[in-house]
2 protein chains.
Amino acid sequence: MDLLTKITEVRSGLDVHRAEGRTVGLVPTMGYLHAGHASLMTAAVGDNDITIASIFVNPLQFGEGEDLDSYPRDLDRDLEICRAEGIDMVFAPSVEEMYPRPVDTVVTVPTVSAPLEGVARPYHFSGVATVVAKLFSIVGPCRAYFGAKDWQQLAVIRRMAVDLSMPVEVVDCPIVREPDGLALSSRNFYLTADERAQAPVIRRALDLGIELVVDGETNPKVIESAMATKVATAPLGELDYAAAVPAETLVADSVLAGEVRLLLAVRFGKARLIDNDGAFIREV
Amino acid sequence: MDLLTKITEVRSGLDVHRAEGRTVGLVPTMGYLHAGHASLMTAAVGDNDITIASIFVNPLQFGEGEDLDSYPRDLDRDLEICRAEGIDMVFAPSVEEMYPRPVDTVVTVPTVSAPLEGVARPYHFSGVATVVAKLFSIVGPCRAYFGAKDWQQLAVIRRMAVDLSMPVEVVDCPIVREPDGLALSSRNFYLTADERAQAPVIRRALDLGIELVVDGETNPKVIESAMATKVATAPLGELDYAAAVPAETLVADSVLAGEVRLLLAVRFGKARLIDNDGAFIREV
């Protein structure tokens with residue numbers, strides 16, 4: 001496995017493989033890898049001749065007062081996980097390598113970015129779209145892998161790739177969870193023991209919402225309020241949003257139909273955790 | 001020469017050549033080709049194994065009340081010019097092919113886009129950057145060719161390509177002029193005979209500004225006002241802006257130094273014409 005830190009090394013390293021007709025898969029990450037990332041790598045290694053993982057904590061997608069400085073990092077451990085997963089190349093650039101001067105270019109996907117996370121983190125998705133566009137330019141992947149935990153991020157990236165005709169297939173992989181239902185996230189690292197014990201309430205709130213959808217509930221307010229009430233049973237949890245929205249657009253509607261996504265953001269102390277699940281409204 | 005209208009045809013057509021290791025040059029145009037475009041094609045055909053020209057009047061870069069509907073079009077004549085220049089493929093998509101549904105993704109380069117044209121046409125450069133990013137994704141060129149007449153556009157595209165690490169060399173080609181100094185532009189088509197007769201005042205105003213710079217003038221106000229006074233000698237011309245700014249950033253400064261660009265935008269009836277020229281401030 002090669003550890004690369006320069007954009008030119010990535011390009012020339014992959015050009016050799018492309019010239020031989022090999023397919024390239026990309027797993028973009030911010031590092032501090034867990035089994036969720038490992039599942040993306042397993043999928044990528046299975047689908048492609050060559051797989052590259054990027055590890056870059058992207059300053060553009062952190063707002064003021066967010067956790068850019070404290071975001072957990074452990075490159076040595078990350079490299080072990082990549083090696084174990086059969087990754088061929090790791091691209092771990094410095095901030096200076098990625099942004100040698102202030103970036104003037106911004107890629108935005110305004111409609112998909114506006115609700116939910118976009119309300120809490122107004123510049124987050126433009127930072128994500130910009131760095132992912134740049135990583136796609138650097139790597140030139142045939143396929144890129146993202147976890148379904150960041151459902152709205154997936155919708156933003158998918159829309160960007162379609163709108164700009166990017167020659168890449170955006171592949172989503174299922175959420176990986178702890179046995180008690182907590183979705184894996186690098187930010188779980190921030191949880192105290194007490195917070196960790198209560199955090200699975202998020203999964204239980206989603207279960208309750210899914211149950212309502214499956215039972216035929218089409219009023220998003222009813223589903224959202226049931227999920228919020230469930231989250232409120234955890235004294236250390238503070239609800240940011242509970243949403244029941246159409247799965248593709250994520251834009252609130254007064255009556256649900258078709259494929260629905262339930263999304264939650266809940267603060268536990270220093271950690272702001274997000275999670276989601278989906279279901280179909282029964283045809284009547 | 002192949003005429004292609006579908007994105008998938010372009011991609012598969014070029015992949016065949018790429019697999020053989022051939023280089024690809026792109027000349028993006030809005031059609032109604034003139035000798036300025038032909039000079040881009042000459043350069044591209046000389047530099048690359050395969051050259052593709054795109055012809056697409058991009059609605060995203062026209063503001064309300066601008067000339068999207070009346071913009072001149074003549075595909076048959078354009079194809080003759082492309083054939084004569086040795087172009088291998090022409091990509092002339094419909095608006096529906098490029099934008100099958102409303103585009104939510106926007107690529108912006110705010111700082112470089114803000115002054116000059118950006119004041120007169122606030123959404124113009126985001127439309128340009130977005131369609132050029134999309135054309136780059138569709139074609140995957142090694143090199144792309146743009147005329148220096150649209151100097152600020154060139155600065156926007158160059159900055160986008162650098163910021164996003166796009167694997168393409170942005171090549172600029174010198175302005176091509178009529179014998180009397182008028183820069184070639186598809187919009188010259190709008191000029192009446194009287195307006196056409198007076199339009200070369202733009203070149204003469206630039207000459208005057210360049211003379212001042214060469215003579216050591218470093219106060220942009222003096223240069224700008226001299227150019228404006230010259231333009232005012234043409235009764236049918238209405239000055240939009242006359243600017244003397246640093247060549248790369250285009251951001252106004254109180255004292256000029258290094259490489260300077262002089263830029264003019266002048267309305268003659270229905271035509272809004274732009275032109276520019278550059279010089280170096282003498283080291284003292």
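Tutor: Two strands pair if DSSP finds at least two bridges between them. Strands (E, at least two residues) and helices (H or I, at least four) are DSSP runs, numbered from the N terminus. The structure is a predicted model, in which local features need pLDDT of at least 70, side-chain atom pairs count only at pLDDT 80 or more, and totals for chains, interfaces and linings use all residues. Residues are numbered from 1 along each chain as its sequence is written, while chains are lettered from A and ligands numbered from 1 in the order in which they are written.

Student: What makes β5(A) and β5(B) a pair of strands?

Tutor: Three bridges join β5(A) to strand β5 (residues 106-108) of chain B, in the antiparallel sense. The requirement is at least two bridges, so the two strands pair. Within this pairing, A:Val106 stands opposite B:Thr108 in β5(B).

Student: How many residues of chain A are in contact with chain B, and what makes a contact?

Tutor: Two residues are in contact if their C-beta atoms, placed from the backbone, lie within 7 Å. By that criterion, 26 residues of chain A are in contact with 26 residues of chain B. On the side of chain A that touches chain B, α7(A) supplies the largest share, four residues. This side has 14 nonpolar, seven polar and five charged residues, where Ala, Val, Leu, Ile, Met, Phe, Trp, Tyr, Cys and Pro count as nonpolar, Asp, Glu, Lys and Arg as charged, and the others, Gly among them, as polar.

Student: Which residues are in contact with B:Ala129?

Tutor: Leaving aside neighbours within four places in sequence, B:Ala129 is in contact with B:Val107, B:Thr108, B:Val109, B:Val156, B:Ile157 and B:Met160.

Student: Why are β8(B) and β10(B) called edge strands?

Tutor: The open sheet has the order β8-β9-β10 (chain B), with antiparallel pairing. β8 (237-246) and β10 (271-280) of chain B each pair on one side only.

Student: How do you know that β8(B) and β9(B) pair?

Tutor: β8(B) and strand β9 (residues 259-268) of chain B share nine bridges in the antiparallel sense. B:Ala242 stands opposite B:Leu264 in β9(B).

Student: How is chain A divided, and where do the domain bounds come from?

Tutor: Chain A is divided into domain 1 (2-173) and domain 2 (186-276); such bounds come from an automatic or database domain assignment. Their centres, taken over C-alpha atoms, are separated by 26 Å. In chain A, 12 residues of domain 1 are in contact with 15 residues of domain 2.
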